[in-house]
Amino acid sequence: MNKKSTGNLAAVIEIGSSAVRMRVSQLRRGKTEVLDSLEYPVFLGHEVFTEGSIRFESLRQLSGILSKYTATLESYGCKNVRLVSSTVLREAKNRSFVKDQIKIRNHLDLEILEYSEEKALICSEILRLLHTEQKLDTENAVLAYIGTGSIGIVHYNGTVISTSQNIPVGSVKLHDALRSISRESDDFYPVVEEYLDLIFDRIDIPASEIRSIILTGSDLALVASVCEAEKSGDIYSISAKELRSTYKTLRTMSPSAAARRYNITEEEAEILFTALSIYNGMLRLSKEPQKLICPDIDICDAITRHMLVPGAQKEYWAQTHESALASARRIASKYNCHTAHAETVAGFACELFDKLKNIHGLSPDKKIILELSAILHSCGQYINMRIHNQCSFDLIKNLDIFGMTSAQILETAFVSGYEELSAPNYSDASFLTLSEAQKLEISKLIAIFRLANALDKSKHQKLQIGKIRVSNDKLEIKTTTDAPALLEKWAFDECAGFFEEVFGLSPELHIRSNLL
C-alpha cells in the first residue's frame with residue numbers, strides 16, 4: 001500500500017458505543033475508495049446508558065486511540081479529517097468535558113451529530129446505494145437505521161421522505177436498560193417483546209401502505225450472519241421467514257449456548273438477542289413482508305462522500321430540503337392547517353427573503369425556516385384558538401422534522417408564533433435562553449414572516465405580488481387583486497412597525513384592483 005498517495009484523501013473517525021472506527025478514503029475516477037479501515041473496541045455505551053457519563057479512565061483510553069489514529073493519518077499525509085459521534089456522546093452528561101479534553105489532548109474538533117442529522121445522512125446513503133443497485137421498490141418503503149442507542153425510522157414514498165421518527169432505544173441501550181430483569185426473572189424475553197411492542201405500536205406509518213422494509217445498523221453483519229443472509233455487492237437480503245425462525249430458536253438459548261451455536265462471544269450473544277428482537281419487531285411495519293433489504297453502510301460512508309465527491313453535499317441538501325417540507329406538510333395535515341394559505345405565505349416569504357438578501361444578511365439556508373413556518377404556523381389553532389400562537393410555539397419546538405436540527409426547529413417555532421397582533425418581547429422567558437446573535441437572527445425572520453403572512457390574512461389568496469422595490473428607507477410591495485383586500489392592508493400595516501424596527505425600512509403596500 002502506498003501510504004503517501006497523491007489522490008484526494010479524507011478520513012472519518014467515529015466514536016461509537018462499542019468501538020472507535022477510522023476510515024481513510026480516496027476519490028478515484030469519481031468513486032470513493034477505502035484505503036484503510038481501523039477499529040478499536042471501547043465500550044463507552046455501557047457506561048453512558050447505565051451511569052449517564054463517560055469515566056475519565058475511558059476518556060484517557062479514547063484519547064490514546066485517537067493519538068494512534070492521528071499518527072496513522074500523518075503517514076498518509078491526510079489533513080482532511082472529521083471526528084464524529086452520535087448517541088453515545090449525545091446522551092453523555094459530561095459530553096462538554098469530553099469534547100474539551102479531546103480538543104486539548106488530540107487537537108481534534110469533535111462533532112456530536114443530532115438524531116436528525118445522523119438519520120438524514122444514513123438515509124441519503126441508503127437511497128443512493130439502492131438506486132445505484134436498482135434494488136429499491138421506490139414506492140412506499142420504510143427505511144430504518146438500528147443503532148446501539150437509537151432507532152431512526154422514515155417513510156419514503158418514492159420521491160421524498162414524508163414521515164420521520166427517532167426512537168431512543170437501540171440494541172445496547174435496550175440490553176442495558178433491561179439487564180436487571182434478566183438477573184431477576186426467567187421471563188426476560190417476553191419483557192423485551194412487550195417493551196418493544198410499546199415502541200413499535202406508536203410508529204406513525206400504516207402497515208398497509210408499506211411495500212418494502214429496508215434496514216441497516218451497527219449490528220447488521222451479526223444479524224445477517226446468524227440468519228444466513230444472501231449478499232450481493234453491499235446489500236444483504238434477509239428472509240423474513242428465516243429471521244423469525246432464528247429469533248424463535250435464540251429465545252430458547254442462554255447467552256453461552258448462543259455463543260457456541262453461532263461461534264460468537266457471550267457479549268455478542270447478549271446483544272444479538274436484543275438486536276434480533278428489534279429486527280423481528282420491524283417486520284410488523286409491512287403487512288406481509290417476504291424479506292428485509294439491508295444495505296451494508298454506516299455514517300462514515302455518508303460523511304466520506306460529502307467530503308470527497310463533488311456535488312454530494314448539494315444533492316444531499318436538496319433532498320433533505322424537500323423531505324423536510326414534505327414531513328412538515330404531513331404534520332400540518334393532522335392539525336387541519338390551511339394548505340393553500342400555507343403555500344401562498346411560503347411563496348411570499350421566499351420572495352421577500354430573496355429580494356432583501358442584501359438587507360437581512362442571513363445565509364440562504366435560513367429560507368427553509370420561513371417555509372416550515374408558513375406550513376406549520378396555524379397548527380396551534382387546532383389546540384386552542386384563544387392562545388393559538390403560544391400553542392403553535394410549544395407544539396413546533398418539540399416536533400421531529402426530517403433532517404432539521406433542534407436549533408432549526410426552535411427557530412421555526414419562534415417564527416411561527418407571531419402574527420399581526422403579536423411581536424417579539426425579549427423579556428419573555430422563551431427569549432431569555434437565546435444569545436444576542438440568535439435573537440437578532442430570529443427577529444429578522446419574524447419580521448419577514450409577519451409581512452408575508454399579512455399578505456394573505458383572509459386566507460383567500462387575493463393578492464399577487466407584481467414588484468418588490470427596496471430603496472434607502474422604504475420597502476415597497478406592489479400587488480394586484482380581483483377582490484377587496486382591506487383585511488390584508490390592515491394586517492400589513494400592523495406588521496410594518498416591527499419590520500422597520502428591525503431593518504430600518506418602512507414597508508408600504510400598494511394594491512391595484514384588476515376590477516377597475
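**View 1. The largest cavity of this predicted model has a volume of about 60 Å³.** The structure holds two cavities of 30 Å³ or more. On a 1 Å grid over the protein atoms alone, a cavity is a set of points where a 1.4 Å probe fits but cannot get out. Grid points are joined across faces, edges and corners, and the volume is the space filled by probe spheres set on the points. Rolling a probe the size of a water molecule over the atoms shows where empty space is left. This is a predicted model: local features need pLDDT of at least 70, side-chain atom pairs count only at pLDDT 80 or more, and totals for chains, interfaces and linings use all residues. Residues are numbered from 1 along each chain as its sequence is written, and side-chain values use heavy atoms, with hydrogens and water left out.

**View 2. Helix α5 (115–133) gives the most to the lining of the largest cavity, with four residues.** Lining residues have an atom within 4 Å of a cavity point. Among them are Tyr115, Tyr145, Gly152 and Asn166. Strands β7 (151–156) and β8 (161–167) each give two or more residues as well. Helices (H or I, at least four residues) and strands (E, at least two) are DSSP runs, numbered from the N terminus.

**View 3. His377 sits in the loop between α17 (367–376) and α18 (388–396).** His377 counts as buried because its relative accessibility is 9%. Buried means under 20% relative accessible area, exposed over 50%, partly exposed in between (1.4 Å probe, protein chains only). The His377 side chain makes polar contacts with the side chains of His341 (3.2 Å) and Asn453 (3.5 Å). A polar contact is a pair of N or O atoms within 3.5 Å; within protein, one must be able to donate a hydrogen and the other to accept it, and residues adjacent in sequence count only if both atoms are side-chain atoms.

**View 4. The largest nonpolar core has 59 residues.** Such a core is a set of buried Ala, Val, Leu, Ile, Met, Phe, Trp, Tyr and Cys residues joined through side-chain atoms within 4.5 Å. Leu352, Ile401 and Phe499 are among the members that touch the most others. Helix α21 (residues 436–454) gives the most to this core, with nine residues. A second, separate core of 49 residues includes Leu174 and Phe188.

**View 5. Strands β1 (residues 8–15) and β4 (residues 81–85) pair in the parallel sense over five bridges.** Two strands pair if DSSP finds at least two bridges between them. Ile13 stands opposite Leu83 in β4.

Key
On a 1 Å grid over the protein atoms alone, a cavity is a set of points where a 1.4 Å probe fits but cannot get out, and a pocket is an open set with protein on both sides within 12 Å along at least five of seven lines; lining residues have an atom within 4 Å of a point.
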